[in-house]
Amino acid sequence: MEIEKGSGKIAKTLRVMILDKPGYLGKLTSAIGMQGSSIGDIRLTRMGLTHNTREMTIYVDSEEQMEGILDNLAKVEGIIVEDVIDLVHQLHEGGKIAMRGKLPLNSISDIRKIYTPGVATICRDIFKKPELAYKYTAIPNQVAIVTNGTAILGLGDIGAVAGMPVMEGKAALFDRLVGVSGIPILISSKDPAVIIETVKNIAPTFGAIKLEDIAAPECFEIEDALDATLDIPVMHDDQHGTAVVVLAALLNSTKFSGLMLSKSAIGVIGLGAAGMGISKLLLSYGVKKVIGTDLNQAACERLAAAGGETGTLQEVMDGANIVIATTGCPKLIKPAMVKKGQVILALSNPNPEITPEEAREAGASFAADGKSVNNALGFPGIFRGALNVRARVINNKMKIAAAKAIAACAEEGELVPSILHNEVHQKVAEAVERAALESGVIKPWE
């Protein structure tokens with residue numbers, strides 16, 4: 001099995017034959033431990049005359065470390081490694097999603113009703129009154145998950161097709177968490193005009209558009225153009241889904257630290273898609289001072305145009321009560337930069353700009369990393385709520401309502417709730433619905 005565990009850890013499941021005599025399981029675990037790996041689950045899968053077969057999960061830092069462990073185990077008497085099982089690759093074979101019909105097809109009569117000739121009546125009705133598509137088709141429950149693959153997870157510009165497993169994962173979360181049909185759309189172009197025109201042309205198929213893993217600054221132009229053109233919600237998740245969950249985390253972290261969010265000076269280190277989305281939402285929430293920094297001068301100018309301030313990394317660290325980092329640069333924040341009492345959210349995965357432990361030791365009143373702040377807490381409920389009331393847009397009032405709902409679902413001592421929290425996505429959807437109604441951005445049913 002290959003998954004992340006903690007910071008940069010990879011898990012592999014070994015299938016191992018072990019001589020059925022006292023001490024040999026201990027030899028196996030010792031040989032693995034000597035290579036610097038930790039051990040997870042161990043299961044007995046088969047008992048033989050002389051050997052028992054077990055499957056065990058081990059956590060390594062790299063494939064090279066894994067090879068070292070296998071070389072070491074080959075030298076241990078009574079131990080035979082049968083296989084290194086990669087369950088993640090197995091799970092992805094054939095893809096993670098599928099479109100399936102909802103109705104039974106057990107007879108010719110069933111077919112005549114859902115297809116020809118019965119379907120013609122529905123087509124004629126929609127032709128006469130296009131609004132009926134929202135009653136008689138799947139359109140109002142479908143969200144396009146659009147990417148060109150230029151900013152995939154922490155992998156960067158790997159292309160749209162290589163990013164498809166991520167889009168499938170988002171679609172699976174949509175289905176499991178809120179019952180929305182997410183449809184991946186891969187666009188092999190870096191030209192914003194091509195992406196804008198493509199999405200405009202396919203938009204009638206969907207109730208909303210979710211932009212995903214499109215690099216800055218093109219993502220800003222694409223979202224703004226589509227938002228202005230389409231009468232269905234458009235949201236770039238890397239910006240706004242992340243911003244919503246960060247705001248939720250700040251609402252709770254300031255409770256732990258005794259700071260008042262609206263009166264705090266907030267520093268944002270890294271002004272790409274996530275950093276800009278966070279900055280804009282904080283300003284909309286009412287934070288009086290957002291000071292950001294980025295190596296890209298154009299990014300700094302965008303923040304200044306949005307109402308923020310800019311400075312150097314040291315100026316941000318010196319001037320902010322709360323620091324949020326989204327740079328992708330491990331160890332960028334040195335312990336000596338941390339001020340006593342600061343709140344530090346170093347969100348780059350898998351390795352943060354400073355570890356929570358280092359930040360707290362340096363005097364931070366509260367610190368967390370990206371494992372605690374996942375935008376999958378936000379986007380399912382946000383889109384579910386927007387679809388439920390046929391919102392034309394997803395505005396800041398809706399995002400702030402979502403953040404407050406997420407924060408309220410956290411248990412005592414939690415920064416934000418688990419993605420699999422029983423109620424969080426429903427609560428977010430309900431909050432977004434109310435905010436959409438209150439801000440007058442819904443399309444009336446005709």
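Are Phe 174 and Phe 379 buried or exposed? Both of these residues are buried, and the views below show what surrounds them in this predicted model.

**View 1. Phe 174 and Phe 379 meet edge-to-face.** Welcome to one of the two aromatic pairs that the structure holds. The ring centres of Phe 174 and Phe 379 are 5.0 Å apart and their planes stand at 80°, so this pair counts as edge-to-face. Look at where the two partners come from: Phe 174 belongs to helix α7 (residues 164–178), while Phe 379 belongs to helix α15 (residues 379–388). The two residues are 205 residues apart, and their pair links distant parts of the chain.

**View 2. Phe 383 pairs with Phe 174.** Here, too, the arrangement is edge-to-face, with 5.7 Å from centre to centre and 85° between the planes. Phe 174 lies in helix α7 and Phe 383 in helix α15, so the pair ties together parts that are 209 residues apart in sequence. How buried are these two rings' residues? Phe 174 has 0% relative accessibility and therefore counts as buried. Phe 383 is buried as well, with a relative accessible area of 0%. Taken together, ring pairs join Phe 174, Phe 379 and Phe 383 into a cluster.

**View 3. Two charged ends sit over aromatic rings.** The charged end of Lys 210 sits over the ring of Phe 379, 4.4 Å from its centre. Now turn to Tyr 134, whose ring has the charged end of Arg 390 over it, 3.9 Å from the ring centre.

**View 4. Helix α12 has a buried side and a side turned away from it.** In this helix, which spans residues 297–306, the buried residues are Ala 299, Cys 300 and Leu 303. Seen down the axis of α12, the buried residues fall within an arc of 100°, so they line one face of the helix. What covers them? The cover includes α11 (273–285), β11 (289–293) and β12 (309–310). On the face turned away from the buried side, you will find the exposed residues Gln 297 and Ala 305.

**View 5. Asn 296 and Gly 307 mark the two ends of α12.** At the start of the helix, a side-chain oxygen of Asn 296 comes to within 2.8 Å of the backbone nitrogen of Ala 298. Just after α12, Gly 307 adopts a positive phi of about 110°.

Terms used
Residues are numbered from 1 along each chain as its sequence is written. This is a predicted model: local features need pLDDT of at least 70, side-chain atom pairs count only at pLDDT 80 or more; totals for chains, interfaces and linings use all residues. Side-chain values use heavy atoms; hydrogens and water are left out. Buried means under 20% relative accessible area, exposed over 50%, partly exposed in between (1.4 Å probe, protein chains only). Helices (H or I, at least four residues) and strands (E, at least two) are DSSP runs, numbered from the N terminus. The arc is that of the directions from the helix axis to the C-beta atoms. Contact means heavy atoms within 4.5 Å. A polar contact is a pair of N or O atoms within 3.5 Å; within protein, one must be able to donate a hydrogen and the other to accept it, and residues adjacent in sequence count only if both atoms are side-chain atoms. Rings of Phe, Tyr and Trp (its six-membered ring) pair if their centres lie within 6.5 Å; planes under 30 degrees apart count as stacked, over 60 as edge-to-face and the rest as tilted. A charge sits over a ring if NZ of Lys or CZ of Arg is within 6 Å of the ring centre and within 35 degrees of the ring normal.
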